[in-house]
Amino acid sequence: MSDGFFTSASVGALAVARSNSNVIYAGTGETTIRVDVSYGDGVYRSTDAGRSWVHLGLRETRHIGKICIHPLDPDIVFVAALGDAFGSNEERGVFRSKDGGKTWQKVLYRNPDAGAVDISMDPSNPRILFATTWETRRSFWNLNSGGPGSGLFRSLDGGDTWEELSGRNGLPGGVLGKLGVSVSQAQRGRVYALIEAEGDKIGLYRTDDYGDRWVHVSQNRDLIHRPWYYTHVFADTVHADTVYVNNLQMWKSTDGGASFTNLTTPYSDNHDLWIDPANPKRMIQGNDGGACVTFNGGRTWSSIYNQMTAQFYRIDVDDRHPYRVYATQQDNTAISVPSASETGVITLGDCTYPGTGESGFIAVDPEDPDIVYCGATGSSPGGCGALQRYDHRTRQIRVVSVWPEKTSGMAPKNMRYRFAWTFPITFSPHDPKTLYAGGNHVFRSRDEGSSWTAISPDLSLSDPARQDYSGGVLTHDNSGAEVHATCASVVESRHRKGEIWASTDDGLVHVTRNDGIEWRNVTPDAMPELAYVGCVEISSHDADTVYVAATRYKLADYQPYLFRTRDGGKSWQPINGNLPNGEITRVVRADPVRPGLLFVGTETAVFFSLDEGAHWSRLAGGLPVVPVYDLKIKGSDLVAGTHGRSFWILDDITALRELAVDQNDARLMSPRPTVRTKLRYGARKGSKAGMSYSPAFGIGAGTEGVELEGGRSHRHYLDCGENPPIGAIVYYWLPEDAEGPVKLTFQDATGKTIIAFTSDDQEASFDKKPGTKAGLNRFVWDLKHRGPSKLDKSLITRKYEPLAMEDEDPSGPAVVPGSYKVELQADGKSQMAGLTVVKDPRVATTDKDFAEQFVLLQELFGKVSSLNQAVNRIRLLKRQLADLQKRLGGSDKSLGERTQALFGRLEAIEGTLVDIKRETPRDSDDRNPAGWHDKLIDLVTVVEIGDAAPTVQARHVSDEIMSRVDSEIKKLDEVVNDEVTALNAALKSGGFEVLGTGKA
């Protein structure tokens, strides 16, 4: 619901006003500041239950831990702002607004290095508040939790003044780290505090007099593992002695914190909790897998697998059709997802899990896509640099780490080799049996990871000062996420075997041109100190042209850093161009087709440049605001691995490959080759407005179709992925809005028109009308010929209006693989481009098979047209006869009897051709015998269901049914020629208006 309003992707706090549930405040930027933490841009407010949002400022707070709203006045709100996690800044502490966020007052402030992380208000007396501050800092190589800025504070006057309680009244003093606090609404004076402190002073504290006296009720480490990441406490809303603590597990106490039992949640790493103020059995819980709901106090929870929030690190693609996309994902396994599926949507059931890779790069064997290598530090044995080889045939993992020594708890300076949380893994483009892995050295394996050889010296700065223990003085935390002074990118040149480029996470770029025997430091002179150089990209067009993306955001430097060399690293030029300040640059990719076409993944988007970085533009097309960690170009698709919104694919970048930097004239782009694709029978059937829970028979997936302004419609994919368009994608550029209609005509190789679409067609749906607006327009042709003549629905007489929607009229047959043309006509000018349709590479169908199928389908659709035209004639005649009966009114018995008899003969023919007893679209032929129309449509489906020639029996049945239809149409012609003609003669002699026959 925030898409289109928020300009940052990370939400650290949400609060809904008790007095008006339409009022919601959102604080952006997480305070669970792990290695991949994203920063925010302040506070947003909605007054219409999330339909729209307004930015309220506090942009430099960066990370917001909690928001409290006054229980009676939604305009009074408090924000616990941690501030910049990567550097000192002043916009941190507790902020208060009394006017709904129009203005803010900083009411609690410690120092530029400590901010507020939690705040809790007494609902029975909102002048009483408790807040915690936390001194913390994260860099690329360290997380520090604790310092003189951490503490617990109390206000008794609505936030006007605050007093520190830390070190007083039973609370621990000395160095404190992260603290959580929760005021009970069930008992006045009851407050719980969870505190990271020295030694045995760590743990849960409780007061019953608003903090004048505290009791240390538990020092159990299970409540406060990894305090910087958790330290979340929540008082029950009804039972004063019930308190919850979220940590690796979720814990519940019913005796005021003295003892705890585990509440099993759908995922580990538990963080947030909302408890219904009136019914504490109803809770919403947030964990590293997603959000889940309970209605029975935590005995059972809803699924987390209906939220597409995967956080991917690095991605790869294979060469199957449809190709699959692979990634490692934070707090989950490696995953493989098809780029399309035969059911029309991509479900979790279509995915596979190639290893337990949570953290690293992933690489698919270029000769065997069933073999996948993935980095799995944190989710595998094998220590820092855990590397898995997964075989999909056996579903087995082999750990092939360079040095598989368990390293948790170790300082990086004491490790044999250093491997980062996200360490490079890549194949040689010259030898698919050669695999590289990047630690502080570059390693090579030529036997699938069974052995490794270091082929470089330590390529990092290797400063021991940045290789010490992480976590701070209170709680060491050495999980592998802060291992530093290592390679961040390794890539071998596709032009020159043995030329390998390696960049590091501490600001260096190296290259070897003799397979690792000698390495040269070619770091750009303008590369800032200690930058994370996350990507080296070698141009496909020139061996000496190389691009580099770097960032220093974990040093509080949020500028983009992009460089290019055209001489193999001898000199470098910055290519940031007009990239906005604040858009950190994680990855750069160069198009293998068009020189100078570049793509960059940033903190919020994908940007592209047509002129090698001189100018940049944000890619539109529906990609939400989200960190983009990796990009791959697959054919003419651009694949993005996002950190929080799963995979996204821009289906066709052909237009960007052809568009001029200063495109001033209308231009029709050459469409890419189109694969003739078949979906499973029934897929996408009935996918109109409203909810759909099954995209195809037997497949569960939720989508929602919504109607938009201007006749447009859109389908939301709720727990599944979206398939690419089925058909040929045609792009054209208009320098200004078209003055007249825009027309697209599709022709066969001889120039014969197959079908045409015009922007002013009043009967066409929005997606069948070519766009007329200035800029880039996209049209998708479904490869179908014109459909058969339609039944005139205005001639149908119903007893009542059906509840069910009408089926869509069928399209014609799909074109066979071959060469075609598309013509664009706009503002009096015409352009033509070639269009190639190819068969699905998985099928063995021959040209003869396709031709036989197409010929029979043309015959069947032609017969459907003839049948529909005949039924329309019958219904028009019947309507005229009914009107005639009314006009006669018994005045001429002979004419009345002839009219009635003719009506009956026409209805008998109609009842043979179609089911005239069908009362609604869903009143199927199960109740009544199918008419010839039903049989023809069913035969069409039989013949076109797959890419295959018709069976002999399908040909026989088609011939028989088409013959029966011809027989009924012949009967109709005879009735019209004989009986209708005779009746018209009698009507004319009697002075009555004659009947129209529906034919010239």
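This is a predicted model: local features need pLDDT of at least 70, side-chain atom pairs count only at pLDDT 80 or more; totals for chains, interfaces and linings use all residues.
H4 spans residues 932-944 and H5 residues 952-989; they pack at an angle of about 155°, with axes 10 Å apart. Axes are lines fitted to C-alpha atoms over the stretch in contact, and angles run from 0 to 180 degrees between N-to-C directions. The contact (heavy atoms within 4.5 Å) involves residues of H4 including Trp932 and Leu936, and residues of H5 including Val957 and Ile961. The contact residues comprise nine nonpolar, one polar and three charged; Ala, Val, Leu, Ile, Met, Phe, Trp, Tyr, Cys and Pro count as nonpolar, Asp, Glu, Lys and Arg as charged, and the others, Gly among them, as polar.

The chain contains five helices and 63 strands, taken as DSSP runs of at least four residues (H or I) and at least two (E), respectively, numbered from the N terminus. Four of the strands form an open antiparallel sheet in the order E45-E46-E47-E48, where pairing requires at least two DSSP bridges. Its edge strands, E45 (585-590) and E48 (617-618), each pair on one side only. E48 is joined to E47 (residues 606-609) by two bridges, and phenylalanine 608 has serine 617 of E48 as its bridge partner.

Residues are numbered from 1 along each chain as its sequence is written. Local features need pLDDT of at least 70 and side-chain atom pairs 80 or more, while totals for chains, interfaces and linings use all residues, and side-chain values use heavy atoms, without hydrogens and water.
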